[in-house]
Amino acid sequence: MIRVLLADDEAMIRSALAALLRLEEDIDVVAECADGTEAIARALELEPDVCVLDLEMPGADGVDVAAQLSRRIASRFVVVTRHARPGVLRRALSSGVAGFLPKSRGADEVAQVVRKVAAGGRYVDPEIAADALTDVRCPLTPRELDVLRVGRRGETTGQIARTLSLAPGTVRNHVSVVLGKLGVETRQQAVLIAEEKGWI
Amino acid sequence: MSSRAHARGRGSFELARGIWATWWYTVSAVLLFELFFVTAWAGAWGTSEGEFDVDPLALAVGALWFGGTAWVLLAYRRREDQGPLLPRRDIPGLLVCAAAAVAMPALTGSWLAGAAFLLQPVVILNWPRGVRLRVVIAVTAALVAIAVIERAQTPVELHSPVWAIGMIFSIALPTASVTSLWWWDVLLAFDRARGVESRLAATQERLRVATDVHDLQGHHLQVIALQLELAEKLMGRDPDAALEQIRAARVSVAEATQGTRELATRFRTVSLADEIANARDLLQAAGISATAEAPDDVDAAPADVLGPVIRETTTNVLRHGGGRRARLALESGVDGWRYEIVNDRAGGQDGTDGSGLEGIARRVAEAGGSLDVRREPHEFAVVVRVPEEGER
């Protein structure tokens, strides 16, 4: 029996998927969670074989949940999403997510992926892989991304410079190069674009 | 770089920068005209002998006036259609001009000079559209009248060509300045229209996509509703037929989803170089040590054939868990392009790894190429050869 934890903030989809998965003979849904925080708590308590996590959830998103749990319990993680934003597959794979598929897939396919992942395999839906492969490449250097990442909460140039051990002038240079590359006027806009594209 | 498309207004900003050159051209034309005007009047004094003799004091006052008009003129660049006639920042410039205008008749002996010095800065104020034309006509008429009266009152022996030059400049200056500024306004209007036009095109495109989505979803939802209704009615009488309708409804849902996805991604294009680099990043993120090689002229390769091949083969490697390393290579040879992807098949043979390879083979064959699959105990390789674009 594969013990599955299901987390999705959309109650209709969660309960329908849980009911459909319970119809499979070898799958038992042991927990249904409405958000990321609850999913983490319940997973730590139950240690399910597989966690099926929605990507878009309040609290912590599916990839965050997987990243936090993968260090503490031996569960395997499957992330489902309605719309895979660029860069999210890369983030998911490096967070130890073993399965990634769109929500449009039927419950029978989800069950197959759960089985495959529980057996130690990995499954990436072709549609999501195709999206990831046709992403626009990030035009920024790692250092420029550091500057955006450290300054994403509106930190001052001075604070960024101290955190990264750089001269304030160097930080300003990086920022102006970033603004030029992304074609935006402010650092905040650059941060928004980088977050949206999953670069930081 | 499509990320630039996110930066709204960037295009207009860059064009505006180009337009500033025209602004400076316009301003310098007006200022040059004013310079001639000032020197004409500064030289007009004491010309009873007909000599061009510059009066330093008049020239100094003229220079002050020149600065004052330049102040007002430069503020014109930031004018707004709905802005006040006399913005506060114009006032110092205007005061300087007025003082110079008061001093001018005393220095030059000509009321026309005073009037022209006073009225020139007035015409370049922020007059509303249409009003400026009337102001200029009135100002020019007044200046002509003053010139005629002044000439009539001046004894004939004091008529000099230099005074005549001053007179002509005085009368022509407001019209010349306003014409230049009108030209600038027209250019600015064109620039704005261009910005509006591109925003309009974007809006129309969004509307078109919205309509397409609506049509597509509407059609499928209608079909699904009918199929479900039929299933509901059949449920009691003929459960098998009802089941058939429910399955058909699921197929319709899948079609609608697929169609929506195609709408959303139809404008998405990415270069082969980016696609290969993305593939390497993804495989590395999945803990596979991946390398990718592509020649510099990779974008000359047939992306319509190789793009799907790269996507499909990379997905195959990703789906097949447990691999340690992978290598992607795209190279061009005498007989076309050769793409190869090799990975170690640590996961063993479960027979499902060839999924999608049939599709690739068909696509490659249509392009006149070939596909070879090499299966070895510790290695799995897919090699695709595609002829050059022109030879297909």
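First, the ground rules. The model is predicted, so local features need pLDDT of at least 70 and side-chain atom pairs count only at pLDDT 80 or more, while totals for chains, interfaces and linings use all residues. Residues are numbered from 1 along each chain as its sequence is written, and chains are lettered from A, ligands numbered from 1, in the order in which they are written.

Start with the interface. 24 residues of chain A are in contact with 27 residues of chain B; contact means C-beta atoms, placed from the backbone, within 7 Å. On the chain A side, the elements giving two or more residues are helix H4 (88–94), strand E6 (123–124) and helix H6 (126–133). Helices here are DSSP runs of H or I, at least four residues, and strands are runs of E, at least two, numbered from the N terminus. H6(A) gives the largest share, 5 residues. By type, that side of chain A has 14 nonpolar, 6 polar and 4 charged residues. Nonpolar is Ala, Val, Leu, Ile, Met, Phe, Trp, Tyr, Cys and Pro; charged is Asp, Glu, Lys and Arg; the others, Gly among them, are polar.

Now the helix packing in chain A. H7(A), residues 142–150, and H9(A), residues 168–182, have axes that come within 10 Å and cross at roughly 100°. Axes are lines fitted to C-alpha atoms, for helices over the stretch in contact, and angles run from 0 to 180 degrees between N-to-C directions. That makes the pair roughly perpendicular, the word for 65 to 115 degrees. Residues from H7(A) in this contact include Val147(A) and Leu148(A), and those from H9(A) include Val171(A) and His174(A).

H8(A), residues 157–164, also packs on H9(A), at about 105° with the axes 8 Å apart. So H8(A) and H9(A) are roughly perpendicular too. Val171(A) is again among the H9(A) residues, with Pro168(A) and Arg172(A).

Over to chain B. Five strands form an open, mixed sheet, in the order E1-E2-E3-E5-E4. Strands pair if DSSP finds at least two bridges between them. The edges are E1(B), 289–293, and E4(B), 370–376. E1(B) runs parallel to E2(B), residues 325–333, joined by 5 bridges.

Two helices lie across strands of chain B. H9(B), residues 303–319, lies across E2, E3 and E5, at about 5° to E3(B). H10(B), residues 357–366, lies across E4 and E5, at about 145° to E4(B).

Conventions:
Angles under 35 degrees count as roughly parallel, over 145 as roughly antiparallel, 65 to 115 as roughly perpendicular and the rest as oblique.
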